[in-house]
Amino acid sequence: MSMQLQFYQVRYFLALARTLNFTRAAEQCNVTQPALTKAVQKLEQELGGALIHRERHLTQLTELGKMILPTLEKIFAAAEAVRLQARGYQKKTIAPLKIGLVPSVSAALITELLLELARIIPDLRVDLREADANGLVAMLLDGEINAALVGDAVELPERIDRWPLFEERYVLVLSRKHPMARQTVIPLQDLHEAVFLERVGCDVAGRFKQACFADHPGPKVVHRSAQERHLQQMASAGFGAILAPEHAPRLPSLAAIPIEGDPVRREVQLLAVAGRQYSPALDAFIKVARVRDWTSALDKLRRASAPASNKDNVRKADAQGAGSLIQITGPGLASSCPSLSRASNRRC
């Protein structure tokens, strides 16, 4: 005998399994209680056994109900996804995804990830916003953006969920004509004589000063800017050096040199508002970001930024123990994610 499960029967049962109350389940499904009861009874007939046990005012799942609940949840989720995709195709629905980035987190980090989402969600429309960490948190709470990538130097309200993605080191970025550009690693004492270009609002500036200038007045800062491209142009012209995260793309005229002992590192985190219903685009973005192989992604960015003449120096610096480039900081983040079907559920 063939089994024919109806979509509405599964939906009614799942509501009943959540509430363990026929009246509330019927209200959630916007049907009468007799209609819901009849649909669940038909589902029990199809499955060949009782799913719900009722004893006076107590409603519980039977052993069969508990056993098939996860499977029915997956069936319902898959059917709902297909239905939403079909509806979106018919209505030409645009799937907006608004992502906030702190200035030191480059869009280059997420371009491949977004390309993968575009294959999954053909009508994806991405809107990238830039602000400091506090500004991005405010935008999240106000609904102006759906997700944000920030550094670790930010205190978050309880309403914000956070997922650690990766850890990376900060390096010294300077003109290839700069005398220190010939070094494979910058000794700490050399920093005391360097001229720095400061990124306005840099949230690791305090840690940098504490780690590298403990017995010194501090870094010699001559010029400042809030714009990364302005700082890079000035560094390329020889005005000074920039402290920057290693993944950040840079002008070909600039070199990125590790600092002895990797004294400054930061963790990049993904943020979203807790308890808020995710759109399909946001849900997919979070899942893919959390299982992405960030070690390979950042190493690819780093090597792409290094010209052929500098790649030997990059390898030498790694061999000398200047510090690992990326450290995975969250559980389950080291696996690759070639498709969504394999995904599991501060400024400076």
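Buried means under 20% relative accessible area, exposed means over 50%, and partly exposed is anything in between (1.4 Å probe, protein chains only). The model here is predicted, with local features needing pLDDT of at least 70, side-chain atom pairs counting only at pLDDT 80 or more, and totals for chains, interfaces and linings using all residues. Residues are numbered from 1 along each chain as its sequence is written, and side-chain values use heavy atoms, with hydrogens and water left out.

**Exercise 1. Is Ser104 buried or exposed?**

Start with the location: Ser104 sits in the loop between E3 and H5. (Helices, H or I with at least four residues, and strands, E with at least two, are DSSP runs numbered from the N terminus.) Next, take the relative accessibility of Ser104, which is 5%, so the residue counts as buried. Finally, look across the fold: Ser104 and Glu228 lie 124 residues apart in sequence, yet their C-alpha atoms are 7.9 Å apart in space.

**Exercise 2. Work out how H1 and H2 pack.**

First get the geometry: H1 (residues 7-19) and H2 (residues 22-29) pack at about 130°, and their axes are 8 Å apart. Axes are lines fitted to C-alpha atoms, for helices over the stretch in contact, and angles run from 0 to 180 degrees between N-to-C directions. Now classify: under 35 degrees is roughly parallel, over 145 roughly antiparallel, 65 to 115 roughly perpendicular, and the rest oblique. H1 and H2 are therefore oblique to each other.

Then list who meets whom, with contact meaning heavy atoms within 4.5 Å. On the H1 side you'll find Arg11, Tyr12, Ala15, Leu16, Arg18 and Thr19, and they meet Phe22, Arg24, Ala25, Gln28 and Cys29 of H2. Sorted by class, this contact of H1 with H2 has 6 nonpolar, 2 polar and 3 charged residues. (Ala, Val, Leu, Ile, Met, Phe, Trp, Tyr, Cys and Pro count as nonpolar, Asp, Glu, Lys and Arg as charged, and the others, Gly among them, as polar.)

**Exercise 3. Which residues of the largest nonpolar core touch the most other members?**

A nonpolar core is a set of buried Ala, Val, Leu, Ile, Met, Phe, Trp, Tyr and Cys residues joined through side-chain atoms within 4.5 Å. The largest one has 46 residues, and Leu97, Leu117, Leu149, Leu270, Phe285 and Trp294 touch the most other members. Elements that each supply at least two residues include strand E3 (95-101), helix H5 (111-120) and helix H11 (294-305). The largest share, 7 residues, comes from H10.

Zoom in on Leu149: not counting residues up to four places away in sequence, its contacts include Ile99, Leu136, Leu165, Val268 and Phe285. A second, separate core of 22 residues includes Val10, Tyr12, Leu14 and Leu43.

**Exercise 4. Describe the surroundings of Phe208.**

Phe208 belongs to helix H8 (residues 205-212). With 4% relative accessibility, Phe208 counts as buried. Leaving out residues up to four places away in sequence, Phe208 touches Leu191, Phe196, Phe213, Pro219, Leu243, Ile259 and Val264.
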